[in-house]
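Okay, thanks for coming, everyone. Let me put the structure up, and then I'll walk you through it.

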There are 2 protein chains.
Amino acid sequence: MNIRKPALLLDEIKCRENIRNMISKAKKHNVGFRPHFKTHQSLEIGRWFREMGTEKITVSSLEMAEYFSPEWDDITVAFPVNIREIDTINKLASKINLNLLVESAEAMNFLTNNLKSKSGYFIKIDLGSHRTGIDPGNTGLIDRIMEISERSDKTVFKGFLGHAGHTYHCNTKEEIIKIHNDSLDLMKQLKNIYVRKFPGMIISTGDTPGCSLSENFEGTDEIRPGNFVFYDLMQLSLGSNTEEQISVAMACPVVSIHKERNEIVIYGGGIHFSKERSENETEGTIYGRVAENKDRGWGRIIPGMFVKSLSQEHGIVTVPEDRISDYKIGDILKILPVHSCMTADCMKKYLTPENREITMMA
Amino acid sequence: MNIRKPALLLDEIKCRENIRNMISKAKKHNVGFRPHFKTHQSLEIGRWFREMGTEKITVSSLEMAEYFSPEWDDITVAFPVNIREIDTINKLASKINLNLLVESAEAMNFLTNNLKSKSGYFIKIDLGSHRTGIDPGNTGLIDRIMEISERSDKTVFKGFLGHAGHTYHCNTKEEIIKIHNDSLDLMKQLKNIYVRKFPGMIISTGDTPGCSLSENFEGTDEIRPGNFVFYDLMQLSLGSNTEEQISVAMACPVVSIHKERNEIVIYGGGIHFSKERSENETEGTIYGRVAENKDRGWGRIIPGMFVKSLSQEHGIVTVPEDRISDYKIGDILKILPVHSCMTADCMKKYLTPENREITMMA
């Protein structure tokens, strides 16, 4: 591999294995699988899912739905419907099975007045992360949205959708599993209320930490994890994955070495990694961890060797004192990202260890 | 303006005024002006500088130098030379006046062996930010680099270059001015040592905080500020600019309103703003501040209304209680970014209030 500039390496074997594992888990528990494609944003990687039987997907924007629509005809846009994009919604709804997310009477009102083709909708439920969604106890608002929907034959109720994003703030696996189980309970209660009126309705849940760690999926009909395709340091610290399962790494040229402070300067900054960070008491702020170099990809994380700061194009890597002499300018460091979704979005393409470029959404 | 998705608004009048002010300041103090184009990364915005007399520029990568090279023939790449890009360096050096940054004997050695056309080089001096550069007291290493350079007729010493990036960690204007003055003193001492041997050598310094706040430029020959073209909340908190001088704002559609917790959900997340943040004790973490909406652009910052968290595509805006009823879904919020360089890099284009798109480097 002749890497000249920062590149995002993708280990296809690990990635396919991550996909296979999650598909097996969904099958084992007899739940539908609608993976979130916002992590990889790539038609080619999408095809790896397809080969293993995946037929429906989740995305986080209408733009992404448009990108995937030539190859996927069942797409949920897991983002509160943006009424300013009604033209795109109508275009997509006329071509594919589109599902939108509704969390207000105003949005539903707009849809019933402006949708030109049939579109499914999920009511977004707040499972406790308090980012978006309706409180599961607020059946008054849920009923109101359904009532407005009935004025039109274009809006078709599909079920309730939730994302327990607060698992990302957990410190232990037990906390994650508790949130996961509590979420299933909340959804079961809602389903009990509405299933008689809508016998085909489904419950859609499932973030990467919950889906990776739990063996209980009773009460959900469909899971939508996304990040598991690559995993990353954030998921590693949550216990979702092992080090070996992380399937992407940044490859960054060494441009300077400062032995007097045990630091390496890499070409690779905030515009490559994103400024996503993690923190811990002993090491401070971390933007990525350096792994052992290997001809094909990378090996284990090197303890104490991490990206401690990022400027626009520079990264500063802290190096263990007994390692600093192993490096010279022009070397390539392989660095595991804190948050693979954000890093992939910055990089806009992947490079396999076999030197093949994999494209993603522009 | 019909904004459907997150857009980066650029107020051309404010931006041109920022450029004009900095050019006037450089002229007044009789120092050269080599603005850093990493902030805007746009050929068109570059032309606004050109119209006001700018002839030479700074960039942060060879990729950016290539992008600007059709219109600019005097470019300093203010980043430690990445020897893996020697082919790009040779291509550029054969076409334009290129200046590279060297901070190690190894890099100079590589250049003398591999450069095919003449290229200028600056020795990067660490003015105290300890990111890159040689300690100004380490004349042994400086001499060594110059000595290696003399083996080749391709490497031409241009002078010393420094970036006092630690001004970004200051809490008061006085601290910034002190760092700025100390940097000038360090550079003057170096010049005294080397100017007899290199009478044409120059001292290149100047970050946006120092160049905005100081009226002392004695001892520098050239300034290289970049961010001032847009300014942002980070610079505002340093005192570099007024609120009115910020020339970019994100326009983001409102997709949900949660009155019970005084929050608005916008379409606009980490992939649009970048995850750059600022923190203060009363408000916590901030990713952007909402300004009053105006037909042409935006007005004053609304106190207490700011982006408190960012996911990949979502932003959560804290809204003052007496303001929350002023908004409805489908509205556009205009939001000043924490770090305009990073936001511009995410957005990859600008939109003027006159609805004209301005392109930047892909």
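Predicted model: local features only at pLDDT ≥ 70, side-chain atom pairs only at ≥ 80, totals over all residues.

**Two copies and a few details**

Now the chain itself. Chain A has eleven helices and 19 strands. The C-alpha trace spans about 70 × 40 × 35 Å along the principal axes of chain A. As for the inside, 54% of the 362 residues of chain A count as buried. If you take the contacts in chain A with a separation of 6 or more, 63% of them are between residues 24 or more positions apart.

Let's zoom in on helix 2 of chain B, residues 43-51. Which of its residues are buried? They include B:Ile45, B:Gly46 and B:Phe49. These three cover an arc of only 105 degrees around the axis, which means they sit on the same side of helix 2 of chain B. That goes with a general point: an α-helix has 3.6 residues a turn, so residues three or four places apart point the same way. On the face turned away from the buried side, helix 2 of chain B carries B:Arg47 and B:Glu51, both exposed. And what covers the buried residues of helix 2 of chain B? Among the elements doing that are helix 1 (12-28), helix 3 (62-68) and strand 19 (357-359) of chain B.

B:Arg50 is in helix 2 of chain B too. B:Arg50 has 13 other C-beta atoms within 10 Å, so it counts as partly exposed. From B:Arg50 to B:Trp72 you go 22 residues in sequence, while their C-alphas are 9.3 Å apart in space. Just after helix 2 of chain B comes B:Gly53, with a positive phi of about 105 degrees.

Speaking of phi, most residues other than glycine have a negative one. B:Gln41 is not a glycine, yet its phi is positive, about 50 degrees. Where is B:Gln41? In the loop between strand 2 (32-33) and helix 2 of chain B. B:Gln41 has 24 other C-beta atoms within 10 Å, so it is buried. B:His130 also has a positive phi, near 55 degrees. B:His130 lies in the loop between strand 6 (119-125) and helix 6 of chain B, and with 15 other C-beta atoms within 10 Å it is partly exposed.

Last stop, a helix pair back in chain A. Helix 5 (residues 105-114) and helix 6 (residues 139-149) of chain A have axes 9 Å apart and pack at an angle of about 10 degrees, so these helices of chain A are roughly parallel. On the helix 5 side of chain A you have A:Ala105, A:Met108, A:Asn109 and A:Thr112. They meet A:Leu141, A:Arg144, A:Ile145, A:Ile148 and A:Ser149 in helix 6 of chain A.

Terms used: Residues numbered from 1 in each chain as written. Chains lettered and ligands numbered in written order. Helix = DSSP H or I, 4+ residues; strand = E, 2+ residues; numbered from the N terminus. Buried ≥ 20, exposed ≤ 12 C-beta atoms within 10 Å, placed from the backbone. Contact = placed C-beta atoms within 7 Å. Arc of directions from axis to C-beta. Axes fitted to C-alpha atoms, helices over the stretch in contact; angles between N-to-C directions. Parallel < 35°, antiparallel > 145°, perpendicular 65-115°, else oblique.
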